[in-house]
Amino acid sequence: MTDFRDLVDLASSRLGGAVMWANDEYFAEKENMLKPGKPEWREHEYTDRGKWMDGWESRRKRVPGNDQALVRLGVPGVIRGVVVDTAFFRGNHPSHCAIWACDAPSDARVEDVLADEARWVQVLPKSELKGDTQNVFAVSCPWAFAWVHLDIFPDGGVARFRVHGEVVPDWKRIGHARGEVDLAAIEHGGDALACSDTFFGERKNLIMPGRAKNPSDAWETRRRRGPGHDWNILRLGATGTVRRVEIDTSHFKGNHPDTCTLEACHAPDATLEALTGDGVAWRPLLEQTKLQAHTRHLFEAELAALGPVTHVRLCVFPDGGVSRLRVHCELDRDARLALGLRRLDTLPPRSAEAVLRTCCGSARWVRGMLDARPFGTASALMEAAAAQWAATAPEDWHEAFRSHPRIGESKAAAGQTTTEKRWSSQEQSGAAQADAEARAALAEVNRAYEARFGFIYIVCATGRSAGELLDIARERLRNEPDDELRVAAGEQFKITRLRLEKLLEP
């Protein structure tokens with residue numbers, strides 16, 4: 001099994017992670033916990049408050065309680081493990097720690113994240129810490145989070161805090177996944193899985209945000225003294241068709257590779273052993289190409305048309321340093337839906353309940369869908385939605401009907417969220433464009449329908465004009481009440497399916 005410490009550090013300051021609050025940082029600042037690199041020891045250095053320490057250190061607690069720090073992750077993701085490093089804290093380390101996580105948006109206000117209404121999940125129970133040690137804790141929780149709350153008991157110092165896991169971008173907040181997207185980027189879910197050598201620079205540096213600051217902020221191999229070449233295998237954040245590539249050798253002037261190639265494969269289920277061995281069919285994306293020193297190389301017309309791929313392999317000949325690799329891709333609809341599904345599958349239950357309720361107002365249907373997670377594929381999601389709707393009863397249908405506004409009315413239904421209001425408006429755009437006469441006719445048919453059947457006129461209005469909606473209502477007024485209830489339930493499920501697709505689309 002892969003050591004979770006090989007996964008992305010979601011809290012890394014290089015990715016935008018930050019310690020946003022601590023109740024006490026008397027001896028050493030909270031920001032030190034997320035500094036890159038190993039902690040430092042300065043033997044004879046003191047401040048006016050005590051010994052200089054490279055970490056977060058609170059004063060000795062003389063009252064009940066414990067000290068706390070709030071960390072905003074640089075990228076949201078599923079936490080697989082944490083490292084609470086107490087390096088050089090020997091008689092002043094905490095005795096225990098506990099960790100909580102929250103899926104509030106990354107740009108939420110600190111006071112809102114700390115409020116009682118925030119949805120916190122404990123991902124690490126109170127656990128013993130040792131001094132001057134990298135305290136390593138695996139985390140078993142399937143949900144994605146953007147905030148972490150570190151509790152130390154009762155006080156003391158933590159040199160570094162690492163939160164390793166799998167990136168789950170919130171595409172609806174960072175922007176849609178249409179057009180070209182750099183799918184190699186860590187913040188978009190890309191990862192550097194393996195490479196031939198990391199003597200001077202880590203392999204994940206290749207896909208970090210921004211431009212490299214210097215050669216240490218890049219991927220650089222040692223000088224090769226024998227045959228062969230160096231390579232770095234990247235898993236893209238989603239399946240995509242490569243359109244543009246950037247290979248940046250900035251800062252490498254006498255130690256850049258002489259040439260390079262780029263290969264790709266479509267192997268979504270491939271193991272690391274298969275990717276690094278002969279288990280996948282790598283195809284040339286960029287033929288062997290001369291590289292220049294300290295240069296951003298841009299490739300578009302030179303790339304082979306390979307269609308959708310999941311991994312790329314950068315080969316450098318014979319060795320050397322590369323600052324950044326950008327792989328700009330287009331995603332088809334299935335790939336975009338897969339991104340949305342990954343987000344839905346990893347939402348904590350209360351958040352998942354809230355978004356599923358925007359698709360259907362039946363509490364029984366929502367509970368069934370929560371129990372059916374994770375769905376894994378969009379088709380499995382739709383199959384589960386149909387199965388859970390088939391398990392509902394007339395009282396559940398009426399509950400779902402009440403979450404909709406009347407056809408042709410601008411007034412929202414009671415309790416509708418902003419998302420539901422927007423979707424209802426889009427669905428009823430045909431009715432909204434009607435003239436005064438048609439709107440009056442819709443109001444009249446709504447009254448007649450409710451008087452006859454006891455619930456509002458439910459119809460999948462997407463793409464239909466006011467005239468079509470009037471004709472459908474008048475036709476359905478001829479139905480027997482029991483028959484019409486089943487017809488309305490079928491229309492409700494059509495609406496639910498369309499909203500699930502909107503929910504998944506980044």
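**Close-up 1. Buried residues of helix α6 in the predicted model.** In this predicted model, helix α6 spans residues 363–372. Its buried residues are Ala363, Trp365, Val366, Gly368, Met369 and Leu370. The elements that cover these buried residues include α5 (349–357), α7 (378–390), α8 and α13. An α-helix has 3.6 residues a turn, so residues three or four places apart point the same way.

Close-up 2. Aspartate 396, with a relative accessible area of 6%, is buried.

**Close-up 3. Packing of helix α8 against helix α13.** Helix α13 covers residues 481–504, and its axis lies 10 Å from that of α8. The angle between the two helices is about 55°, so α8 and α13 are oblique to each other. Their crossing is left-handed. On the α8 side the contact is formed by Pro394, Trp397, His398, Ala400 and Phe401. On the α13 side the partners are Leu485, Arg486, Ala488, Ala489 and Gln492. Sorted by class, this contact has seven nonpolar, two polar and one charged residues.

**Close-up 4. Packing of helix α11 against helix α12.** Helix α11 (residues 436–453) packs on helix α12 (residues 466–476) with the axes 10 Å apart. The angle is about 25°, and α11 and α12 are therefore roughly parallel to each other. The crossing of α11 past α12 is left-handed. From α11, the contact involves Ala438, Ala441, Leu442, Val445, Tyr449 and Phe453. From α12, it involves Ala466, Leu469, Leu470, Ala473, Arg474 and Arg476. The contact of α11 with α12 consists of 10 nonpolar residues, no polar residues and two charged residues.

**Close-up 5. Salt bridge between arginine 160 and aspartate 54.** The side chains of the pair meet at 2.8 Å, N to O. Arginine 160 is in strand β12 (residues 160–167), whereas aspartate 54 is in the loop between β4 (50–51) and β5 (56–57). The pair links distant parts of the chain, with the partners 106 residues apart. Buried residues have under 20% relative accessible area. Arginine 160, at 2% relative accessibility, therefore counts as buried. Aspartate 54 also counts as buried, at 4% relative accessibility.

**Close-up 6. Salt bridge between lysine 61 and aspartate 67.** The closest N and O atoms of lysine 61 and aspartate 67 are 3.1 Å apart. Lysine 61 has a relative accessible area of 23% and is partly exposed. Aspartate 67 is buried, its relative accessible area being 0%.

**Close-up 7. Network of salt bridges linking Arg14, Asp217 and Arg324.** This view shows Arg14, Asp217 and Arg324, which are linked by salt bridges into a network. The count for the model comes to 41 salt bridges.

Definitions and conventions. Residues are numbered from 1 along each chain as its sequence is written. This is a predicted model: local features need pLDDT of at least 70, side-chain atom pairs count only at pLDDT 80 or more; totals for chains, interfaces and linings use all residues. Side-chain values use heavy atoms; hydrogens and water are left out. Axes are lines fitted to C-alpha atoms, for helices over the stretch in contact, and angles run from 0 to 180 degrees between N-to-C directions. Helices (H or I, at least four residues) and strands (E, at least two) are DSSP runs, numbered from the N terminus. Angles under 35 degrees count as roughly parallel, over 145 as roughly antiparallel, 65 to 115 as roughly perpendicular and the rest as oblique. A crossing is left-handed if the near helix is turned anticlockwise from the far one by less than a right angle, and right-handed if clockwise. Contact means heavy atoms within 4.5 Å. Ala, Val, Leu, Ile, Met, Phe, Trp, Tyr, Cys and Pro count as nonpolar, Asp, Glu, Lys and Arg as charged, and the others, Gly among them, as polar. A salt bridge is a side-chain nitrogen of Lys or Arg within 4 Å of a carboxyl oxygen of Asp or Glu. Buried means under 20% relative accessible area, exposed over 50%, partly exposed in between (1.4 Å probe, protein chains only).
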